[in-house]
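Visitor: I would like to learn how to read helices, their packing and a loop residue in a model such as this one. Could we begin with the terms?

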Amino acid sequence: MSKVILINGSPRKNFNTAKLLKEAQKGAESVGAETEYYNLYDLNFKGCLSCFACKRKGNNTNCVCAIKDDLRPVLEKCIQADALIVGSPVYFSYPTGEFRSFLERLLFPVNTYLVDKKNGGLKSLRPKTIPVGVIFTMNCPKEIMKQYNYPIILEDNVKCLNHVLGYSEVLYSCDTYQFTDYSKYDIDLFDEKEKAKVRDEQFPKDLQSVFEMGKKLISVASEKNYKM
């Protein structure tokens, strides 16, 4: 049975990012995968501390960060998983700090400072291809996202996952409905009715897209690791 780990990098456990991740979880489960879901904001951890334990000669970290905290057991499961699905809202052009700290801790022990003379670039220590689906949610509309170069900024994260773990793809959910009651907040930048329209018309399409993502990642993992 395939195993999928889902990581929520949002402080909100039941809003847009979480809803999309849970739908992706259903997609993976629909093709027989076993899943586990984690909220990063429930865990006590920091980003990489530059201890370089994972880069010492003869180290036995086995692609898992040496720091012993709440995140380490999750990282162990990520490296053993057949696929990962991760999500974060976008704050000021970037994923949340917790999400970035998670990526540092996940990727640095797997990546190396050794040149891959056969394929170019740096060697990865991954035991197998671990396909990753990335979900980014944001308050801004799609045209504003492009105006502020969000795809270029955000896809650097996706490219790192692709390089280190072997495969990645991304979904952007834009113009999200941010509050349960807009009347309680000082905000006139957005039209609540237009936001509700996007929520009712586009967000269901995003949910369907991530459901399919969850299914697809299982297929990708099976295909790529069969070829290895």
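Guide: Helices (H or I, at least four residues) and strands (E, at least two) are DSSP runs, numbered from the N terminus. This is a predicted model, in which local features need pLDDT of at least 70 and side-chain atom pairs count only at pLDDT 80 or more, while totals for chains, interfaces and linings use all residues. Residues are numbered from 1 along each chain as its sequence is written, and side-chain values use heavy atoms, with hydrogens and water left out.

Visitor: Where does Tyr167 lie, and is Tyr167 buried or exposed?

Guide: Buried means under 20% relative accessible area, exposed over 50%, and partly exposed in between (1.4 Å probe, protein chains only). Tyr167 lies in the loop between α5 and β8 (168-173), and with a relative accessible area of 15% Tyr167 is buried.

Visitor: Which residues is Tyr167 in contact with, leaving aside its neighbours within four places in sequence?

Guide: Contact means heavy atoms within 4.5 Å. By that criterion the partners of Tyr167, its neighbours within four places in sequence being left aside, are Thr129, Ile130, Pro131, Val132, Leu161, Asn162, Lys216, Leu217, Val220 and Lys224.

Visitor: How do the axes of α3 and α5 cross?

Guide: Axes are lines fitted to C-alpha atoms, for helices over the stretch in contact, and angles run from 0 to 180 degrees between N-to-C directions. Angles under 35 degrees count as roughly parallel, over 145 as roughly antiparallel, 65 to 115 as roughly perpendicular and the rest as oblique. The axes of α3 and helix α5 (residues 150-165) come within 11 Å and cross at roughly 20 degrees, which makes α3 roughly parallel to α5. Here Arg100, Leu103, Leu106 and Leu107 of α3 meet Asn157, Cys160, Leu161, Val164 and Leu165 of α5.

Visitor: At what angle do α2 and α3 cross, and which residues make the contact?

Guide: Helix α2 (residues 71-80) and helix α3 (residues 97-107) have axes that come within 10 Å and cross at roughly 60 degrees, and the two are therefore oblique to each other. The contact is made by Leu71, Arg72, Leu75, Cys78 and Ile79 of α2 together with Phe102, Arg105 and Leu106 of α3.

Visitor: Which residues of α1 are buried?

Guide: In α1 the buried residues are Asn16, Thr17, Ala18, Leu20, Leu21, Ala24, Gln25, Gly27 and Ala28. Just after α1, Gly32 takes a positive phi of about 95 degrees.
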